[in-house]
Amino acid sequence: MKKIAILGAAGQIAVLAEKMLLNDQDNELILFLRHPNKLDQSKIDNEREKIVVGDASNYDQVKNAVAGADIVYANLAGSNIERQAKTVVKAMDAEKIKRLIWISSLGIYNEVPGKFGKWNKDVLGSYLTTYRAAADVITASDLDYTIIRPAWLTNKDEIDYEETLGANTAFKGTEVSRKSVAKHVVDLIEHPEKEIKANVGLNKPNTDGDKPAWY
Ligand SMILES: NC(=O)c1ccc[n+]([C@@H]2O[C@H](COP(=O)([O-])OP(=O)(O)OC[C@H]3O[C@@H](n4cnc5c(N)ncnc54)[C@H](OP(=O)(O)O)[C@@H]3O)[C@@H](O)[C@H]2O)c1
């Protein structure tokens, strides 16, 4: 059995990843979240899923939730994301868990080139600074982390993506589906030895432009 703690488990990417992870009978999931009413309780597999209510900025709650997990997948958000990152790192250290998958955002390293990069920076503003601070906490830790930086997210029912490896590698494309990001997370959980201490941009191929297509 592999035990995976999903932090922010009602998040949109997290819910897609959860469904994919349940396809593997060897996976057990800890669903950590603030608002359990946001989960479709009728779809919970009580044999292999445990819901834990808590806040990712609360050390005791995170530590208790991740205890016994082999891998932590953090699908978090919010203006206090840096504090959440510190809490997750501290709780994982305390529980001697090494493997972390952390969802961040394109643009935190000023790695998006051209007109789209400028537009992205103008639109996202302080969100990028906040998310960068959180990513810095993760990269400064001794965890076996993978930071994933998705392009602008869509709800398209497709898995179609490519990667840019490295924080300083020019980002490609403008969009990617949540389903693609979930698939990448699940691949890493299935092969946890892949992309350790890696910083990965995800985008849909051939979506370069000055803005995402719907703007
Ligand atoms: N939208 C885009 O185009 C885009 C592009 C790149 C990256 N991203 C980022 O990618 C990440 C994942 O995307 P998504 O669509 O899955 O996001 P999402 O649906 O907003 O999920 C984020 C989850 O984080 C949870 N959360 C926030 N603060 C928390 C806390 N203190 N403790 C516990 N849970 C907390 C939220 O739960 P609550 O229901 O309790 O608030 C929510 O379920 C987000 O950080 C997003 O900003 C977005």
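Reader: How many bridges join β5 to β6?
Author: Five bridges join β5 to strand β6 (residues 144-150), and the two run parallel. Strands here are DSSP runs (E, at least two residues) and helices likewise (H or I, at least four), numbered from the N terminus; two strands pair if DSSP finds at least two bridges between them. The model is predicted: local features need pLDDT of at least 70, side-chain atom pairs count only at pLDDT 80 or more, and totals for chains, interfaces and linings use all residues. Residues are numbered from 1 along each chain as its sequence is written, and side-chain values use heavy atoms, with hydrogens and water left out.

Reader: Which residue in β6 stands opposite tryptophan 102?
Author: Isoleucine 147 stands opposite tryptophan 102.

Reader: And what about β4 and β5: in which sense do they pair, parallel or antiparallel?
Author: Strand β4 (residues 71-74) pairs with β5 in the parallel sense, over four bridges. Within that pairing, leucine 100 of β5 is the bridge partner of valine 72.

Reader: Is β5 mostly covered or mostly open?
Author: Mostly covered: five of the five residues in β5 (residues 99-103) are buried, meaning under 20% relative accessible area with a 1.4 Å probe, protein chains only.

Reader: Which way do the residues of β5 point?
Author: Arg99, Ile101 and Ile103 point one way, Leu100 and Trp102 the other, and all are buried.

Technical notes: Buried means under 20% relative accessible area, exposed over 50%, partly exposed in between (1.4 Å probe, protein chains only).
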